[in-house]
Structures are given as C-alpha cells and as structure tokens.
Amino acid sequence: MVASAYHHRIGILPADIDHMGHVNNSVYLKWVQDAVVRYWESLAPPEAVARHLWVALSHEIKYRRPAFLDDVVVADVIANKVEGARAFFTTVIKRGEDVVAEVTSSWCCLDAVTRRPARLAREIAARFVAG
C-alpha cells in the first residue's frame, strides 16, 4: 500500500520553452527532481531531512502531450517502495485532467555528511510507503 500522492504545483517559465514553442523535454527532469525532493521534505521529520540527501539513479519519461507557457501544471508524486537506501517513485505531470508526462524513477538516499548510501529508518520509510 502506498501513501497518498503529493501534489506539487509547477510554474512554467519563459526559459522552459524551446524552439518548437512548448516546454523542452529536459525541463521535465527538473520538475521531477523538485517534486520528489519537496515530497520528501513534506513527509520526513526535519532531523531526517537534515541528515539525508537524495540523488536520482534513473528516470524513465513517457511524454504524452506538450506543455506550454500559460499552462497550469501539477506533478503528483507517489512513492512505490523503499528498499534500504533506494526509493522508487512515480510522478504524473498533469494539466487539468490531461496527463502531460509519466515518470518512473529510482533514487538513492545518502548520508548528508559522508555522502554514502544510507538506509532509511523503518518509521521514516513507513511515512512514504505503508507496508
């Protein structure tokens, strides 16, 4: 069972628009990065946020529709599972009810001091994925 989705509102900037008049594909990675990190910060206790950093290991993006400068876009983030120092997320980027992109990603939790992989405490992991 997964925790409820985290809703991350996205502001589209003029610099996000490419030569074709829509949001550049590379911008979606920034959106996912921001959304997953904000999700972590919203659910984890402040001391855990201070002790841990997250790095992306992989992203798979399925682009469904283009996004444009004046669009109102939201990223819904769901934690699928946490295994040791790794966490797996699905991020669905929407404009209203239309899915703009779907992203599956895996992340590694690091100790903020040593920068080495750090296993999340069970009670913190449970905030993201109920098991």
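Visitor: Which side chains meet in a salt bridge at 3.9 Å, N to O?

Guide: Those of Asp-76 and Lys-94. Keep in mind that this is a predicted model. The pair links distant parts of the chain, with Asp-76 in strand E3 and Lys-94 in strand E4 (residues 86–95), 18 residues apart.

Visitor: Is Asp-76 buried or exposed?

Guide: Asp-76 counts as buried, because its relative accessibility is 13% and the cut-off for buried is under 20%. Lys-94 is partly exposed, with a relative accessible area of 24%.

Visitor: How many salt bridges does the count come to?

Guide: Six salt bridges. Among them is the one between Arg-64 and Glu-102, where the closest N and O atoms are 2.7 Å apart.

Visitor: Where do Arg-64 and Glu-102 sit in the chain?

Guide: Arg-64 is in the loop between E2 and strand E3 (73–83), and Glu-102 is in strand E5 (residues 98–111). They are 38 residues apart, so this pair also links distant parts of the chain.

Visitor: What about accessibility for Arg-64?

Guide: Arg-64 counts as partly exposed at 45% relative accessibility. Glu-102 is partly exposed too, with a relative accessible area of 30%.

Visitor: Which residue forms a salt bridge with Lys-30?

Guide: Asp-34, with the closest N and O atoms 2.8 Å apart. Asp-34 is partly exposed, at a relative accessible area of 23%.

Visitor: Switching to rings. How many aromatic pairs does the structure hold?

Guide: Eight aromatic pairs. One of them is Tyr-39 with Phe-128, which is edge-to-face: the centres are 5.3 Å apart and there is 90° between the planes. Tyr-39 belongs to helix H1 (residues 25–43) and Phe-128 to helix H3 (residues 122–128), so the pair links distant parts of the chain, 89 residues apart.

Visitor: Buried or exposed, those two?

Guide: Tyr-39 is buried, and Phe-128 is buried as well.

Visitor: Why is the pair of Trp-40 and Trp-54 edge-to-face?

Guide: Because the planes of the two rings stand at 70°, and planes over 60 degrees apart count as edge-to-face. The ring centres of Trp-40 and Trp-54 are 5.5 Å apart. Trp-40 lies in helix H1 and Trp-54 in strand E2 (residues 52–63), so this pair ties together parts that are 14 residues apart in sequence. Both Trp-40 and Trp-54 are buried.

Visitor: Which residues form the aromatic cluster?

Guide: Tyr-6, Tyr-39, Trp-40, Trp-54, Phe-89, Trp-107 and Phe-128 form one aromatic cluster.

Visitor: And which charged end sits over the ring of Phe-88?

Guide: That of Lys-81, 5.1 Å from the centre of the Phe-88 ring.

Visitor: Back to E2. Where is His-52, and is it buried or exposed?

Guide: His-52 is in strand E2. At 8% relative accessibility, His-52 counts as buried.

Visitor: What does His-52 touch?

Guide: Leaving out residues up to four places away in sequence, His-52 touches Trp-40, Cys-109, Leu-110, Ala-112, Ala-118 and Leu-120. A polar atom of the His-52 side chain also lies 2.8 Å from the backbone oxygen of Ala-48.

Visitor: Now the strands. In what sense do E3 and E4 pair, parallel or antiparallel?

Guide: In the antiparallel sense, over nine bridges. One of the bridge pairings is Glu-83 with Arg-86 in E4. E3 and E4 form a hairpin with two residues between them, and Gly-84 in the turn has a positive phi of about 60°.

Visitor: How many bridges between E4 and E5?

Guide: E4 and E5 pair over 10 bridges, in the antiparallel sense. Ala-87 stands opposite Trp-107 in E5. The hairpin of E4 and E5 has two residues between the strands, and Gly-96 takes a positive phi near 65° there.

Visitor: How many residues of E4 are buried?

Guide: Seven of its 10 residues are buried, so E4 is largely enclosed by the rest of the structure.

Terms used. Residues are numbered from 1 along each chain as its sequence is written. This is a predicted model: local features need pLDDT of at least 70, side-chain atom pairs count only at pLDDT 80 or more; totals for chains, interfaces and linings use all residues. Side-chain values use heavy atoms; hydrogens and water are left out. Rings of Phe, Tyr and Trp (its six-membered ring) pair if their centres lie within 6.5 Å; planes under 30 degrees apart count as stacked, over 60 as edge-to-face and the rest as tilted. Helices (H or I, at least four residues) and strands (E, at least two) are DSSP runs, numbered from the N terminus. Buried means under 20% relative accessible area, exposed over 50%, partly exposed in between (1.4 Å probe, protein chains only). A charge sits over a ring if NZ of Lys or CZ of Arg is within 6 Å of the ring centre and within 35 degrees of the ring normal. A salt bridge is a side-chain nitrogen of Lys or Arg within 4 Å of a carboxyl oxygen of Asp or Glu. A polar contact is a pair of N or O atoms within 3.5 Å; within protein, one must be able to donate a hydrogen and the other to accept it, and residues adjacent in sequence count only if both atoms are side-chain atoms. Contact means heavy atoms within 4.5 Å. Two strands pair if DSSP finds at least two bridges between them.
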